[in-house]
Amino acid sequence: MSPRLWLASLAASALALAACGKTALFANLDEQQANQVQSTLLAAGIDADKRPADNKKGWTVDVAKDDLPLAMQLLQAKGLPSAPFESMGAVFKKEGFVSSPLEERARYLYAIAQELEHTLQQIDGVVTARVHIALPESDPIGNKENSASAAVVIIEQPGAALADRETDIKAIVTDAVEGLDNINRVTVKFFERDNSELSNALQHGDRGKNHLGVVPVAAAVGVPALLGGIGFVLLARSGLRRRRGAAADREGGAGRA
């Protein structure tokens, strides 16, 4: 192999090694989830790549290994990736099998909870919403009808003050659940996500990469050093060949004399 081809080969290998410093943050995401994760990381200055998953069943988001802790912290604070949403049509999809009344009841409650969680998560400031519904069994003999009830847990961004919207949230849940006729049977609890450590990390740039956010510092420094070393070796080999050639010419001239 010629010196130029050899140099090009080593340079390509060095660049490939530098590009291998990324690891999969999440895999098997749908495209909307992957886009949300990637855009959030990029907005925070964390380099993130989206690619088809290895099993071809979704998308994978890659980040530099040094950025992994900060990326996970940021996404957790944002409630990402969002949980897959299953609509009523998906839960009650026709499959040709006969379900028991208990199974139908469980699927109905799950579908209603999914719809409500999806609705509540559209409110500004909501990181995550969980809804739990208790629907009492009907009493075909007695005349007493027990009201359904619901418990709602809201994880909110700091400063969102969603407790001011408690009445609105209760009204949404009450109107969505059949048999839930008393708004006082809905309880809503609010919890604020603590982002203090994340804010400090983002403000101080506490991650092991350069400000360009392209490759880790070690790789950025190592590639020029490696290429410089390759160039030095090639120059040394070239000088050695010239000295050997000159020595051979001198010996040939002395023999002819």
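Helix α3 (residues 68-78) lies across strands β1 and β3, and its direction runs at about 35° to that of β1. That's a handy way into this structure, which is a predicted model.

Let's look at the sheet itself. How many strands form the open sheet, and in what order? There are three, arranged β1-β3-β2, with antiparallel pairing. That order puts β1 and β2 at the edges, each with a single partner strand, so one side of each is left without a neighbour in the sheet. From one strand to the next, the twist averages 25°.

Now for β3, which covers residues 59-64. Is this strand largely enclosed or left open? Five of its six residues are buried, so β3 is largely enclosed by the rest of the structure.

On one side, β3 is joined to β1 (residues 22-29) by five bridges, and the two run antiparallel. Five bridges also join β3 to β2 (residues 48-52), again in an antiparallel pairing. Here are some of the residue pairs that link the strands:

| Residue | Bridge partner in β3 |
|---|---|
| threonine 23 | valine 63 |
| alanine 24 | aspartate 62 |
| lysine 50 | valine 61 |

As for how the chain gets from β2 to β3, the two strands form a hairpin with six residues between them.

Next, take a closer look at one residue, threonine 40, which lies in helix α2. Is threonine 40 buried or exposed? Its relative accessibility is 18%, and since the cut-off for buried is under 20%, threonine 40 counts as buried.

What does the side chain of threonine 40 reach? It comes to 2.8 Å from the backbone oxygen of glutamine 36. Leaving aside neighbours within four places in sequence, threonine 40 is in contact with Leu74, Leu75, Lys78 and Leu80. Of these contacts, Leu74, Leu75 and Lys78 fall within the residue range of helix α3, the helix we started with.

Terms used. Residues numbered from 1 in each chain as written. Predicted model: local features only at pLDDT ≥ 70, side-chain atom pairs only at ≥ 80, totals over all residues. Heavy atoms only, no water. Buried < 20%, exposed > 50% of the residue type's maximum accessible area, 1.4 Å probe, protein only. Helix = DSSP H or I, 4+ residues; strand = E, 2+ residues; numbered from the N terminus. Pairing = 2+ DSSP bridges. Axes fitted to C-alpha atoms, helices over the stretch in contact; angles between N-to-C directions. Contact = heavy atoms within 4.5 Å. Polar contact = N/O pair within 3.5 Å; in protein donor to acceptor, adjacent residues only side chain to side chain.
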